[in-house]
Amino acid sequence: MNRIRELREDGDLRQIDVAKATGIDQKTLSNYETEKTFPDSYSIIRLAEFFNVTTDYLLGVSNFNFSNRENIIDEISEIESKLSGIKKFIEKSKNGRV
């Protein structure tokens, strides 16, 4: 699914709501969501600011949205937890307990 549509629907917003808030025409937003056209840099920045996401996330370049501190902390905690499990597995395998 298109990230613009995904973010809009997650926020229970209509295209007209996003259009009014960003100054981007509703038909233009529709075309972005259906990928009939693609946003220019101005529109990408406006949409990223409106949805409080990074431009990379909005464009699908990254699956991580580090636009705010809480997201960063959550992602780091998740990565640390996974690394801890990997380290424990490696130690067990070194000791022949796997």
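Predicted model: local features only at pLDDT ≥ 70, side-chain atom pairs only at ≥ 80, totals over all residues.
Helices here are DSSP runs of at least four residues, numbered from the N terminus.

**Stop 1**

Select Asn52. You'll find this residue in the loop between α4 and α5. Check its backbone: phi of Asn52 is near 60 degrees, a positive value in a residue other than glycine. Is Asn52 buried, exposed or in between? With a relative accessible area of 42%, Asn52 is partly exposed.

Now hop to Asp12, in the loop between α1 and α2. Asp12 isn't a glycine either, yet its phi is positive, at about 50 degrees. Asp12 has 72% relative accessibility, so it counts as exposed, the cut-off for that being over 50%.

**Stop 1: the core**

Next, look at the largest nonpolar core, which has 14 residues. Which members touch the most other members? Select Leu7, Leu29, Tyr32, Leu47, Phe51, Val53 and Leu58, and you have them. Colour the helices α1 (3–10), α2 (15–22), α3 (26–33), α4 (41–51) and α5 (55–59), since these are the elements that give two or more residues to this core. Which of them gives the most? That would be α4, with four residues. As background, nonpolar side chains tend to be buried together in soluble globular proteins.

Stay with Leu58 for a moment and show its surroundings. Skipping neighbours within four places in sequence, Leu58 is in contact with Arg3, Ile4, Leu7, Ile44, Leu47, Ala48 and Val53.

Arg3 deserves a click of its own. Its charged end sits over the ring of Tyr57, 4.0 Å from the ring's centre.

**Stop 2: where α2 meets α4**

Hide everything but α2 and α4. Two packed helices are described by the angle between their axes and the distance between the axes. For α2 and α4 the angle is about 110 degrees, and the axes are 10 Å apart. How are the two helices arranged, then? Angles of 65 to 115 degrees count as roughly perpendicular, so α2 and α4 are roughly perpendicular to each other. To see what makes the contact, select Val18, Ala21 and Thr22 on α2, then Arg46, Leu47, Phe50 and Phe51 on α4.

**Stop 3: a pair of rings**

Keep Phe50 and Phe51 on screen. The model has one aromatic pair, and these two residues form it: their rings are 4.9 Å apart, centre to centre, with 75 degrees between the planes. Why is the pair called edge-to-face? Because planes over 60 degrees apart count as edge-to-face. Now compare how the two residues sit: Phe50 is partly exposed, with a relative accessible area of 31%, while Phe51 is buried, at 14%.

**Stop 5**

Select Ile24, in the loop between α2 and α3. Leaving out residues up to four places away in sequence, Ile24 touches Ala19, Leu29, Tyr32, Ser43, Arg46 and Leu47.

With the sequence neighbours up to four places away left out, Ser43 touches Ile24 and Tyr32.

Definitions and conventions. Residues numbered from 1 in each chain as written. Heavy atoms only, no water. Phe/Tyr/Trp six-rings, centres within 6.5 Å; stacked < 30°, edge-to-face > 60°. Buried < 20%, exposed > 50% of the residue type's maximum accessible area, 1.4 Å probe, protein only. Lys NZ or Arg CZ within 6 Å of the ring centre and 35° of its normal. Core = buried A, V, L, I, M, F, W, Y, C linked by side-chain atoms within 4.5 Å. Contact = heavy atoms within 4.5 Å. Axes fitted to C-alpha atoms, helices over the stretch in contact; angles between N-to-C directions. Parallel < 35°, antiparallel > 145°, perpendicular 65-115°, else oblique.
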